[in-house]
Amino acid sequence: MRTDSVDSPVVGAAPGTAKHFRQGTHRTVSPEETLERVRRLMPVLGITRIANVTGLDTVGIPVVMVTRPNARSLAVSQGKGLTLAAAKASGLMESVEGYHAEHITLPLKLATYNELRFRTPVVDVAGLPRLSVSLFHPNWRMLWVEGVDLLGGGPLWLPFDLVHTDFTLPLPTGSGAFLMSSNGLASGNHVLEATLHGLCEVVERDASALWHARGEKGQAGTRLDLTTVNDSACREVLETYARAGVAVGVWETTSDVGVPAFTCYIVDQERESLRPVAVAGGMGCHPSRGVALLRALTEAAQSRLTRICGARDDLHRKAYEEAREGVEADRLRTRLREEKPVRRFQEAPHQDASTLEDDLGWVLVKLRMAGVAQVVAVELTKPELGIPVVRVVVPGLEPTHEAPGYVPGPRAQRIMRGDAS
């Protein structure tokens, strides 16, 4: 399990896992097959419905919300895609992975870092995302869970805070040291599919945090010229936005890691005083630049509809007040008019292998070349359910920069000081 050999980089993975579905995403099976397989488990997982909310907006890109009322984190998940079936599969699988991370039954260890590091391999805690009010110190007793180092090939123990999403009170013993979020949590039709998805999300959040650290002036040279986009699925979505009167701005956020990543922001072309809709954004990362861009474009539509339907339990009232005021929307319209698109789509990195092993191996090599020493995967799959779920943690990469308590890491701090581009 090393990056110089990409055969079976995850325990239990069979070599040569082909990507049979390639319409806007790379999967082993079609969204319809995923739905057929997972839908029967909805009662077991506490999922009560999949609601098509596409018609609540004027755009028309398929978006759904999936409801799990007794969730221990978010009770509503969203899904998006080129088709309604793809959106349903996306939302359903997001809810599935949330359930798995809330109900972890893996063996845990209660120990301090100093107690553990002399007895067993431990993750590089210095590279993990801290809270601004972090309580961590080497003698802080906390829970740990075992993962697998995809670069080194052996077991690694890491803080349980970075793996679970059970946010009910009281929190587990020793909580409060590291940033808890869903970053790197992913499900899939195959364990490799889930691992690649989770890893790309971690790289995406890192790239986004570094891009935001540049400030608007530093971001200007990264804006994508949308006329250069030659991916058919992306062109279809861009044309859908245009027909709906929605302005689109895309910036390439690919970091020093070298895996293609994009950020997209959308806003009504003209101010709608009777129907103010907030600026919405989306991010995407994938070895294929087409898939990465499409994820950013469709996630922006999902984010916009999430605001409109108002069902997600982590949206604050302030977000709606800001939308009504329209200041952010006007600012984005001005930016889209005045900031010149300079980046060509074809300049973004690109990898489109025939198997998941090759794609995952390519990303791992990129991370190693960027100086990353550990990539930890914790498999959360429940044998009785049979849906692959994985949590990926990469020490040294930036977490979600918008999370409460986020503290910029060394790479982001260098950019903020102007020491790196």
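1. Axes here are lines fitted to C-alpha atoms, for helices over the stretch in contact, and angles run from 0 to 180 degrees between N-to-C directions. The model is a predicted one. On that basis, the axes of H5 and helix H12 (residues 410–417) come within 8 Å. They cross at roughly 20°. That makes H5 roughly parallel to H12, because angles under 35 degrees count as roughly parallel. The crossing of H5 with H12 is right-handed.

2. Which residues of H5 and H12 meet? From H5 come Asp206, Leu210 and Ala213. From H12 come Arg411, Ala412, Ile415 and Met416. By class, this contact of H5 with H12 has five nonpolar and two charged residues, with no polar ones.

3. H5 contributes Leu192, Glu193, Thr195, Leu196, Leu199 and Val203 to the contact. H11 contributes Leu356, Glu357, Asp359, Leu360, Val363, Leu364 and Leu367. Sorted by class, the contact of H5 with H11 has nine nonpolar residues, one polar and three charged.

4. Next, the cysteines. How many disulfides does the count give? The count comes to zero. Cys264 is in no disulfide. For Cys264 the nearest cysteine sulfur is that of Cys234, 10 Å away. Cys264 counts as buried, because its relative accessibility is 0%.

5. Cys285 is buried, with a relative accessible area of 0%.

6. The loop between strand S2 (63–67) and strand S3 (76–80) holds Asn70. Arg68 is in the loop between S2 and S3 as well. Is Arg68 buried or exposed? Arg68 counts as buried, because its relative accessibility is 3%. Asn70 counts as exposed, at 73% relative accessibility.

7. Arg68 has contacts on several stretches of the chain. Residues up to four places away in sequence aside, Arg68 touches Leu45, Gly46 and Ile47, among others. Its contacts also include Leu74, Ala75, Ser95, Gly98, Tyr99 and Glu102. As for Asn70, its C-alpha is 31 Å from that of Val59, although the two are eleven residues apart in sequence.

8. Check the peptide bond between Leu169 and Pro170 when inspecting the backbone: this bond is cis. Its omega is about 0°. Pro170 lies in the loop between strand S6 (155–159) and strand S7 (185–187).

9. Last, Arg307, which is found in helix H8 (residues 289–309). At 25% relative accessibility, Arg307 counts as partly exposed. Neighbours within four places in sequence set aside, Arg307 is in contact with Ala278, Val279, Leu315, Ala319 and Tyr320. Arg307 and Met42 are 265 residues apart in sequence. In space they are 25 Å apart, C-alpha to C-alpha.

Note on methods: Residues are numbered from 1 along each chain as its sequence is written. This is a predicted model: local features need pLDDT of at least 70, side-chain atom pairs count only at pLDDT 80 or more; totals for chains, interfaces and linings use all residues. Side-chain values use heavy atoms; hydrogens and water are left out. Contact means heavy atoms within 4.5 Å. Helices (H or I, at least four residues) and strands (E, at least two) are DSSP runs, numbered from the N terminus. Ala, Val, Leu, Ile, Met, Phe, Trp, Tyr, Cys and Pro count as nonpolar, Asp, Glu, Lys and Arg as charged, and the others, Gly among them, as polar. A disulfide is a pair of cysteine sulfur atoms within 2.5 Å. Buried means under 20% relative accessible area, exposed over 50%, partly exposed in between (1.4 Å probe, protein chains only). Angles under 35 degrees count as roughly parallel, over 145 as roughly antiparallel, 65 to 115 as roughly perpendicular and the rest as oblique. A crossing is left-handed if the near helix is turned anticlockwise from the far one by less than a right angle, and right-handed if clockwise.
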